[in-house]
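Notebook open, structure loaded. I want to go through a few loops first, then the core, then the overall picture.

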Amino acid sequence: REIARRMEDLGRLDSLIFSQRFPPQLDLEWLDNPTQSGGGNVLHTGVHCFDLCRVLSRAEPEVAFCTAHSVHTRHTEDVFSSCIEMSDRSLASVSCSRTTRSRNGLIEVTGELGQLVGDHVLNQLYRLGPTGREEIALPPPTHTVLELLRTVTEDCRRDRPPTIPYRDGLAAVAVADACYRSIASGRKERVVMPPSRP
């Protein structure tokens with residue numbers, strides 16, 4: 001939220017970098033079974049970064065290039081790296097893995113007037129500008145899944161349209177789909193949004 005609030009301070013947006021690292025989850029048998037999991041780390045972790053590409057840039061992802069490997073898994077990817085070309089000409093780099101005994105949630109946004117660098121796992125944020133590094137105080141971390149579930153529940157109780165439109169979720173999954181096609185083809189692939197319902 002704080003990064004989104006400060007985006008205009010950066011001027012023209014040039015690039016976004018997202019890195020999420022987690023330990024392997026070898027005890028979850030379904031995770032490496034594509035018929036149960038639907039995919040690997042691109043779909044499970046990357047999709048949240050793809051969503052942030054749209055939220056922070058306010059632009060649409062158009063083209064994706066992606067490569068992936070399996071370190072601990074056999075049937076799905078547990079490490080990947082992708083580059084996404086956005087409609088505002090900014091570039092987004094997303095790299096995620098479930099292969100390390102550590103955790104991070106790096107978000108780096110670069111514009112003509114400086115950078116915002118944060119980590120949602122470590123609850124840290126700072127700004128880089130002409131005069132150096134400026135630490136930004138953040139409120140205590142929140143349990144985002146619980147917060148989301150409360151919002152969805154309240155939307156249902158009040159019989160109102162979802163606070164987070166379904167199309168936003170579809171857009172993030174469309175980037176994941178383009179990444180999977182890129183992994184298979186070895187080429188850049190267009191992000192194809194499903195048509196809107198009439």
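I started at asparagine 123, which sits in the loop between strand S6 (114–119) and strand S7 (124–129). This is a predicted model, so I am reading computed values throughout. Phi of asparagine 123 comes out near 55°, a positive value in a residue other than glycine. Is asparagine 123 buried, exposed or partly exposed? I get a relative accessible area of 28% for asparagine 123, so partly exposed it is.

Next loop, next positive phi. Arginine 89 is in the loop between S3 and S4. I noted a phi of about 75° for arginine 89, again positive and again not a glycine. Arginine 89 has a relative accessible area of 77% and therefore goes down as exposed.

Then I went to the loop between S1 and helix H2 (34–37), where aspartate 32 lies. Aspartate 32 has a relative accessible area of 17%, and since the cut-off for buried is under 20%, I filed aspartate 32 as buried. What does aspartate 32 touch, leaving aside its neighbours within four places in sequence? I listed Thr73, Arg74, His75 and Thr76. I also checked a distance: aspartate 32 and aspartate 78 are 46 residues apart in sequence, and their C-alpha atoms are 8.9 Å apart.

One of those contacts, arginine 74, belongs to the loop between S2 and S3. At 71% relative accessibility, I put arginine 74 down as exposed.

On to the core. A general reminder to myself: in soluble globular proteins, nonpolar side chains tend to be buried together. Which members of the largest nonpolar core touch the most others? Out of 34 residues, I found Phe50, Ile84, Val94 and Val109. Among the elements that give two or more residues to this core are strand S1 (13–21), helix H3 (41–57), strand S2 (61–69) and helix H5 (166–185). S3, strand S4 (91–97) and strand S5 (104–111) are also on that list.

I followed up on isoleucine 84. Leaving aside neighbours within four places in sequence, isoleucine 84 is in contact with residues including Phe50, Cys53, Val63, Leu91, Val94 and Val175.

Serine 82 I looked up because it has 4% relative accessibility and counts as buried. Serine 82 is placed in strand S3 (residues 79–86). Apart from neighbours within four places in sequence, serine 82 contacts Phe50, Phe65, Cys66, Ala92, Ser93, Val94 and Cys179.

Last, the whole chain. How many helices and strands does the protein have? I counted five helices and nine strands. From the N terminus on, I wrote the order as α-β-α-α-β-β-β-β-β-β-β-α-α-β. The C-alpha atoms fill a box of roughly 50 × 40 × 35 Å along the principal axes. Of the contacts with a separation of 6 or more, 61% are between residues 24 or more positions apart.

Surface and charge to finish. Buried residues make up 37% of the 198. I have the accessible surface at about 12,100 Å², with 54% belonging to carbon and sulfur atoms. The mean positions of the 24 positive and 26 negative charges lie 1 Å apart.

Terms used:
Residues are numbered from 1 along each chain as its sequence is written. This is a predicted model: local features need pLDDT of at least 70, side-chain atom pairs count only at pLDDT 80 or more; totals for chains, interfaces and linings use all residues. Side-chain values use heavy atoms; hydrogens and water are left out. Helices (H or I, at least four residues) and strands (E, at least two) are DSSP runs, numbered from the N terminus. Buried means under 20% relative accessible area, exposed over 50%, partly exposed in between (1.4 Å probe, protein chains only). Contact means heavy atoms within 4.5 Å. Accessible areas come from the Shrake-Rupley method with a 1.4 Å probe; for residues, only the protein chains shown count as cover. Lys and Arg count as positive and Asp and Glu as negative; His and the chain ends are not counted. The place of a charge is taken as NZ of Lys, CZ of Arg, CG of Asp or CD of Glu. A nonpolar core is a set of buried Ala, Val, Leu, Ile, Met, Phe, Trp, Tyr and Cys residues joined through side-chain atoms within 4.5 Å.
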